[in-house]
Amino acid sequence: MQIGIRLHDVKEAPLAERLQTAHEQGFSCAHLALGKVISENPVDDGALTPGYAMYLKKLFAENQLDIAVLGCYLNLANPNPVSLKTTTRRYLTNIRFAAQLGAGVVGTETGAPNEEYRFEEACHSEEALELFIKNVRPVVEYAEKMGVILAIEPVYRHIVSTPKRARKVLDAIDSPNLQIIFDPVNLLDISNYQNSDEIFAETIELLGEDVAVMHLKDYRVEGNQLISTAAGTGQMDYSRIIRFIKERKPYIHATLEDTVPANAVQAREHIQQLWDACQV
């Protein structure tokens, strides 16, 4: 397992300094969300040239970091056709950029059927799922042309909210260029977290072969809310997850989420200790 970090969780600094810090903290890969970590240069569609990709590729190589995920977390279920056209074009631009950059995947969540990208009951409807499938299809077709993997991340409060719904998307699109980012905590909610082990087992059963990247974090329950936290700082039981990775995905990119500069190393060491202790 190659443990990484979201670069926007690293101490705020120019990108080259963030990369150096990530390397010094012992990480081997990173999640890159351009708009969240690059302020010194433009990152709009027109700026994502081959030269820019090669420049970034050199920076990552100098710091011995893979680009595990190029994040493009936009709403492909936006009902506004003008906004949807802009969003789709941005996905295509990021896919082309990822091909030049050598990123592992272009990562995305799966949106909501409204312009605000907010949770509503309609997110879990069959109509919303069909809308997402319709809108993601041309994006995957372009990913196939560019030799890039688009990886969708199931999240309880988004359209692809369960492993079964994710399986429906994969089967409907039927492309090796559409895969999964498995973030166990994102499948949980205050209504279901007590069944976490069953949810994780079902995810592994239905989606295991298609998991391209892991996201690792923790959670705690406060009142009527599930709060995401850094790995090792909550009540998450990682045993099934670590065993799955070690048995079936031993060299996968696994990026930490919801760390802060003060606990990033501690979170990495926690996951590494679980990995070292896991017997398969």
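The model is a predicted one. Its largest nonpolar core has 83 residues, and its largest pocket holds about 780 Å³ of space.

**Nonpolar cores**

- Within the largest nonpolar core, which counts 83 residues, the members that touch the most other members are Met1, Leu7 and Met214.
- The element that gives the most to this core is helix α5, spanning residues 126-146, with 9 residues.
- Apart from this core lies another one of 7 residues, which includes Ala68, Val69, Val105 and Ala151.
- Leaving aside residues up to four places away in sequence, Leu7 touches Leu15, Arg18, Leu19, Ala22, Ala30, His31, Leu32, Val37 and Phe60.

**Ser161**

- Ser161 sits in the loop that runs between strand β5 (150-152) and helix α6 (163-173).
- Because its relative accessibility is 4%, and buried means under 20%, Ser161 counts as buried.
- When residues up to four places away in sequence are not counted, Ser161 touches His124, Val155, Tyr156 and Leu187.

**The largest pocket**

- The largest pocket is lined by 36 residues, and those that lie nearest its centre are Arg6, His8, Lys36, Tyr73 and Glu109.
- Two or more residues of this lining come from each of α2 (34-37), β3 (66-71), α4 (81-101) and β9 (225-229), and the largest share, 4 residues, is given by β9.
- Sorted by class, the lining of the largest pocket is made up of 15 nonpolar, 10 polar and 11 charged residues.

How values were computed
Residues numbered from 1 in each chain as written. Predicted model: local features only at pLDDT ≥ 70, side-chain atom pairs only at ≥ 80, totals over all residues. Heavy atoms only, no water. Core = buried A, V, L, I, M, F, W, Y, C linked by side-chain atoms within 4.5 Å. Buried < 20%, exposed > 50% of the residue type's maximum accessible area, 1.4 Å probe, protein only. Contact = heavy atoms within 4.5 Å. 1 Å grid on protein atoms, 1.4 Å probe; cavity = no way out; pocket = protein on both sides within 12 Å on 5 of 7 lines; lining within 4 Å. Points joined across faces, edges and corners; volume = space filled by probe spheres on them. Nonpolar A, V, L, I, M, F, W, Y, C, P; charged D, E, K, R; others polar.
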